[in-house]
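Subject: Structure for you to look through

Dear colleague,

I am handing over a structure that I would like you to look through with the notes below beside you. Please open it first, and then follow the text from one part to the next.

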Amino acid sequence: MSFSPKAKTILDIAPYVGGESKAEGVERIIKLSSNEGPFGPPPAAVRALQECVSDMHRYPDGGSTALREALATENNIKADQIICGAGSDEIIQFLCNAFLAPGDEIVYSAHGFLMYSIYARAAGANPIAAPEQDLKADPQAILDTVTPKTKIVFLANPNNPTGSYLTKDEIKSLRDQLPENVLLVLDAAYCEYVQEADYSAGHELVDEYGSVVVTRTFSKIYGLGGVRLGWGHCPPEIADILNRIRGPFNVSTAAQVAGVAALSDKDFIHSSVRHNANMLNFVTKYLRGEGLEVYLSAGNFCLADFETPERAAGCAAFLKERGILVRQVAAYGLPSCLRISMGLEEEMMLACEAIKDYGQPS
Ligand SMILES: Cc1ncc(COP(=O)(O)O)c(C=O)c1O
């Protein structure tokens, strides 16, 4: 078969490579490579999943009604401005499909989440990176990168894999200065972990501007990466557009019931937030004590700089021999760094000790 020009362009996209989950010959795996919550799914979600199994022959509620209502109550927003998806990835994909035509551009910050570029390119658009300052998104650089072709600015806040974030005021000022017709997508996949008082996921901007979408996920703090559930909070007109292009049953029954139950499991969420803050503090101090540069992170992971790509790759391989899987982030333009997700306390002790055993940069 001869491929169309569009299919040929798609073959130029470098496929997304997820965090490793296997290590040959190792019995116990410590998976710190995908920023998953370390405690398993919330117990309430497990019960809800068990209860819904006998209904699996039925199609799901195509409108994810109960879930959207629970999300609306939880976040003090309107249910009809919420669109649910198979992971927040799918919401990003819908946005790219709906707003981008061949030749358009998206702007993202240089070390931003990779899926923005992949979905933009699949829609025929060109992803343009705005330089960062000290591994933090730079609002002025983003504004300088915007051209008349720009249709969407994607910003992960906090960002994966750097862990840095822009404050509520910085985001508002960015929105104020962006052209009105450029959509600002705030990807708040890690917002629940953020402790800093000057941070906001940005829901308040959605109605204020009509040109902001906030995306959220159940894959991180809610411990439900395996059921694939995410959502977007959109201005009404954008919710209407996205609802017309999504699959009629894009969110499974399992994801819907697990999501509703997870939202109700407040103890699980609160203790996960506390645990994460403690682990980040411990790991950051420990690794800095070992002479590594560790960037301050507002998420559930930290980024450690091993000075050279060889040392970073060498450390990842050394850890893997002990069953400890971390994320190499060369694809994010950070070849000398490793991203380490926060796991259980014992897992983080073992990871830190293993990095110490690997040795300091000479
Ligand atoms: C910044 C960011 N956005 C979105 C996602 C996608 O999450 P999901 O599709 O599992 O909801 C991730 C996953 O790692 C992420 O780090």
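The ligand is surrounded by 13 residues, and the closest are Ser88, Asp187, Tyr190, Thr217 and Ser219, where a residue is near a molecule or strand if one of its heavy atoms lies within 4 Å of it. This is a predicted model, in which local features need pLDDT of at least 70 and side-chain atom pairs count only at pLDDT 80 or more, while totals for chains, interfaces and linings use all residues. Residues are numbered from 1 along each chain as its sequence is written, and side-chain values use heavy atoms, with hydrogens and water left out.

A backbone N or O atom of Ser88 lies 2.6 Å from a ligand oxygen, and a backbone N or O atom of Asp89 lies 3.0 Å from a ligand oxygen. With Ser219, by contrast, an N or O atom in the side chain is 2.6 Å from an oxygen atom of the ligand.

Next comes the seven-stranded sheet. Helices (H or I, at least four residues) and strands (E, at least two) are DSSP runs numbered from the N terminus, and two strands pair if DSSP finds at least two bridges between them. The sheet is open, with mixed pairing and the order E2-E10-E9-E8-E7-E3-E4. Its edge strands are E2 (82–85) and E4 (126–130), each of which pairs on one side only, and the twist averages 20° from one strand to the next. Strand E9 (residues 212–217) and strand E10 (residues 230–233) pair in the antiparallel sense over four bridges, and Arg216 stands opposite Trp231 in E10. Helix H3 (residues 65–75) packs on this sheet, touching E2, E9 and E10 (contact means heavy atoms within 4.5 Å), and the direction of H3 makes about 125° with that of E2. Axes are lines fitted to C-alpha atoms, for helices over the stretch in contact, and angles run from 0 to 180 degrees between N-to-C directions.

The loop between E7 and H7 holds both Pro158 and Pro161. The peptide bond from Asn157 to Pro158 is cis, with omega near 0°, and the bond from Asn160 to Pro161 is also cis, with omega near 15°.

The axes of H4 (residues 88–99) and H5 (residues 115–122) come within 9 Å and cross at roughly 35°.

Finally, there is an open sheet of four strands, with antiparallel pairing and the order E11-E12-E15-E14. Strand E11 (293–295) and strand E14 (327–328) stand at its edges with a single partner strand each, so one side of each is left without a neighbour in the sheet. Strand E12 (residues 301–305) and strand E15 (residues 337–341) pair in the antiparallel sense over five bridges, and Cys302 has Ile340 in E15 as its bridge partner. Helix H12 (residues 309–321) lies across E14 and E15, running at about 35° to E15.

Methods. Polar contact = N/O pair within 3.5 Å; in protein donor to acceptor, adjacent residues only side chain to side chain.
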